[in-house]
Every structure is written in structure tokens, then in C-alpha cells.
Amino acid sequence: MGKKGKKEKKGRGAEKTAAKMEKKVSKRSRKEEEDLEALIAHFQALDARKTRIVETPCSPPSPRLNASLSAHPEKDELILFGGEYFNGQKTFLYNELYIYNIRKDAWTQVEIPNPPPRRCAHQAVAVPQGGGQLWIFGGEFASPDGEQFYHYRDLWVLHLATKTWEQVRSPGGPSGRSGHRMVAWKRQLILFGGFHESTRDYIYYNDLYAFNLDTFTWSRLSPSGTGPTPRSGCQLTVTAQGSLVLYGGYSKQRVKKDVDRGTQHSDMFLLKAEEGREGRWAWTRVNPSGAKPTPRSGFSVAVAPNHQTLLFGGVCDEEEEESLEGHFLNDLHFYDPVRNRWLVGQLKGPKVEKKRRRRGRKGEPRGASKQEMKGTGAQEPLLVVRELVAEDGTVFTIQQGLAALGPAGRPVSDDDDDDGPDEAGIPAVEPSPRCSAMLAMKHGRLYLYGGMFEAGDRQVTLGDLYCLDLHKMEEWRVLVEMDPESQEWLEETDSEEDSDAAPGAEGGGEDEEDEDSGEEAGEQRPSAAPGEPFADSLPRTEQ
């Protein structure tokens, strides 16, 4: 009795502390959110000028991250909404809606009256009801200088059959946040976690909500068992058995004044509805086997045709008190909930007819090794090994093999002694390492759009589109190419002129807004300001 009472008292104390922190954050952020509300209202007034639906064939969308990419439940289409972009000095947010026709390989921008305000790091879920619906909750807006943040708590639905937006007002829903996760479960939307940040404070959530798609009502869930700690940017997917799997995520805490330390979570939980008890759920800690992904954040998630969860890319941070080094990734991992096992996604490569290799060449001395034949200028392959420690103490070893270079400075391959250029190795086509990319699944094909990586102090935002057939697992196919070197990057300046020129930072004046062209369509906050540690902004870069 004594232990139980002490445990319950400790639990209530933690709840009180969390409530005090949320109240503190809310009070300090109220003023800056009021300032941003005026800016949001300005953009909404511009959007209100649109009185009819306009569909315009267009080139691919501009580079962005933290948007949403969803597969149309009825058609061979992908739906891209929102997102953010940073050019080194100014930030841009979007509320544009794009449709990608898979069969025609064509983009269309769809302008619909009264859309949701500009945002990024929201969640979008497509469901088949009513000819197809796209539900959107939360996300964030920011001031032009990226110093003030507004977190939405609104819920919207795009009726795909009629191409109309509707804001659904229902009390009792989650507080304003971004970096949360939302999935469709039966005829409900299940929402977990996220974070809220003001200039001085921040708070991470581990609360759980359900939205009923029939009654349009919110309810807060209180599962039994020990669940995940507060976090944002985690994996949340539904299994074939109807349970929910939660993996990883990111959070940070203040270790001393003006010093925060981030945590890249690598734990996994199973959320299951209790049989015969409507509205009752239970958390269970899961310890999967297999080749687990290295700890990371900013990864992207989709559900494969066999109901396995697919995880792509992200960034793995090695954090010191005053510095941070990020290693961006482009690997694939699959989680099999039936076997509770992680698998590495290995691509077979394109099918190429290979000529039969001859046993030897005329004039080649028998027993001579390839290294001897290549000459003294060839180098041995280089193996780079790094060790990372997860929050539970597990040590992950990352090995990266770099090809040996021949005398001419090109990689040495086993095919170098074959005749003709047609037998030379073809470099694999694959997305560059990145975080905060958008994923969508349609007809067994995985589509990947955008994201970002860092090159020194420069943030490179991507606008490329790739496709991978998961049934064949052979190679990535490029649908939209992008040269990162062609992207404009403006060096940071100490001048206050840019911050004072609010209309320009917001994407131009009203005349420019009427054009709704490219990056001038909105404003956004950077996910990592030049020269600043990426982890300070990492939750905001997790879609």
C-alpha cells in the first residue's frame, strides 16, 4: 500500500509539473502569438480574394520540407500541401495545394477558396469517406526573421470530390502544436505528441487524442501501462492487426541556463485497443530484434504493401555542449510487426545482361592479381567506422566503405579488367542523404519528395521526386531532378534592414501576393539558421 501510494503521488506530481510548465509556456508565448495572428490574418485576407476553384498545370513545386504528401484514396494522384523553405536570410511558409498525376507524370496547382493558413510540420491523413477526404491538424507559422512561432490547433478537411476546404470546429481537442503524429484508425484519427515552443520556453507532449470521423468529436485517451516519454517527430503507424506502433522521435531538455540537450529516442511501443472495452487502450514496451536503425531524427515514414513500416533517412547527431555534427542518411529500414523484427532495405540494382567474362587475357601472366595488374597507383579500400550510443545504452556501429581509387582517381571495381565501356559499373541512382522529406505510398510504389541537408553553414532544401517499386526493390527512379548547387543561398547579414522590411520577408507586398508565384506565396521560419546548431531547430524540421 505504501509503495503504491508513493508511486501514485509521484505520478500526480509529474502531472502537476507538466501542467505548470504548459501554463508558463502559454503565458510567455501569448504575446508573440498575438503579434503573429495579425500577420496570419493578413495572409488570410489575401486568400479570401479567391472566390473560385482554379486548376493550373504547372512545373514541379519549389523546394520545401515539412510539407505533407498524401496518396489520393480513390485516384492515381499524390497531394502535396504546405511546407517551408529557408534561403539563408528569410523564411517562407506555404499553403499551396499541388496534385501530382502519377500516370501522366504531371503537376497541377489547385487554388481553392478559404484554404488553411500557411503552415509547416502539420499532419495530413487521407481517408476514403465521402469520395475522399484529406484531414489536416496543427502545424506552425513563424515571423519573417524566424524568431517568433505560432502553433496551430485547428482542424481542416479537404473534400477531394468537390475540391472544397472546410474548417471543423470541435471542442476538447489537442492544444496548439507541431511535430505531432496522426494516423487513421478505423473511423477515427489518432493523434500523439508534438511540441510547442515560444522564444524562451518549450514543451514536448506525450498525450493521445482520438477524433471521431462520424460524430466530429474529440476525446482524450488515457491508456494503461507505461507509454512513451514526451517527444515529437516519431513514427506512428497502424499494423494489419489494428494496433499502433510508435518508434523513436526527438525531444530536448534544459540542462542549465541557455543550454539545451537533445535526445534522439530509439525506443518502441505498441498501443492496442482493449477488446470489449470501447475507448480503452493500453501501452506496451516493445523490444524488436534484427538490424535496428541507428538513432536518428527527422526520418520519414510510410506503410509498405505488406503492412510493414518503412523508415527512410533522417539525421544522426553527435552533440557536444557547444557544437553539433549531423550525419544525414538515405538508408531504408523495414519493421515487421508480425515478427517484431527490423530489416534493412537492400536494393537489388537494375537488371543488366552481363557478358561472360573470359578466363584470362592474352599476354596476362597467370596468377597475377588484380592489384598487381592495376599498377602501383591503386589504393586500398577505406573503411570508416563510427560508434553511437542510444538512450538505452545500446552501442550502434556505423561502417561506411569508401571505394579504392585507381591511378586516375576513379573507383576501382571488379569490372575494370573487362572490355568496353558497356561493362563498366553504372552508378546507382538514389536520393541524396536528407531529413524531413515527404513520403507517400501508391500501388506498391514509394514516392519521396524534397527534404533538406546541410553543407557547412548552408541549408540545402530539395525539390526532387523519386519513386521506388517495393515489389521489385531494384532501384530508385528519378521523376524530378534537382541540382542543389543551383539553389540560391544568401549569406546571413547583421543589417536590420532585412528584418524591418516585413512585406518582403513575408513573401512580397499585396501585388506580389496576387500573383501567388513560387516562394513568394508565403513566409516561413528556417529550420536551422546559418551557423547555428541544427539540433536547436531539429523538432521544427521534423514533419
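The chat below covers a sheet and then a loop residue.

Tutor: This is a predicted model, where local features need pLDDT of at least 70, side-chain atom pairs count only at pLDDT 80 or more, and totals for chains, interfaces and linings use all residues. Residues are numbered from 1 along each chain as its sequence is written, and side-chain values use heavy atoms, with hydrogens and water left out.

Student: In what order do the 4 strands of the open sheet come?

Tutor: The order is S14-S15-S16-S17, with antiparallel pairing. Strands are DSSP runs of E, at least two residues, numbered from the N terminus, and two strands pair if DSSP finds at least two bridges between them.

Student: Which strands stand at the edges?

Tutor: S14 (181-185) and S17 (217-221); each has a single partner strand, so one side of each lacks a neighbour in the sheet.

Student: How many bridges join S16 to S17?

Tutor: There are 5, and S16 covers residues 202-212.

Student: Changing topic: where is Asn-95?

Tutor: Asn-95 sits in the loop between strand S5 (91-93) and strand S6 (97-101).

Student: Buried or exposed?

Tutor: Asn-95 counts as buried because its relative accessibility is 8%; buried means under 20% relative accessible area (1.4 Å probe, protein chains only).

Student: What does the Asn-95 side chain make a polar contact with?

Tutor: The side chain of Asp-47, at 3.0 Å. A polar contact is a pair of N or O atoms within 3.5 Å; within protein, one must be able to donate a hydrogen and the other to accept it, and residues adjacent in sequence count only if both atoms are side-chain atoms. A polar atom of the Asn-95 side chain also lies 2.9 Å from the backbone oxygen of Pro-116.

Conventions: Buried means under 20% relative accessible area, exposed over 50%, partly exposed in between (1.4 Å probe, protein chains only).
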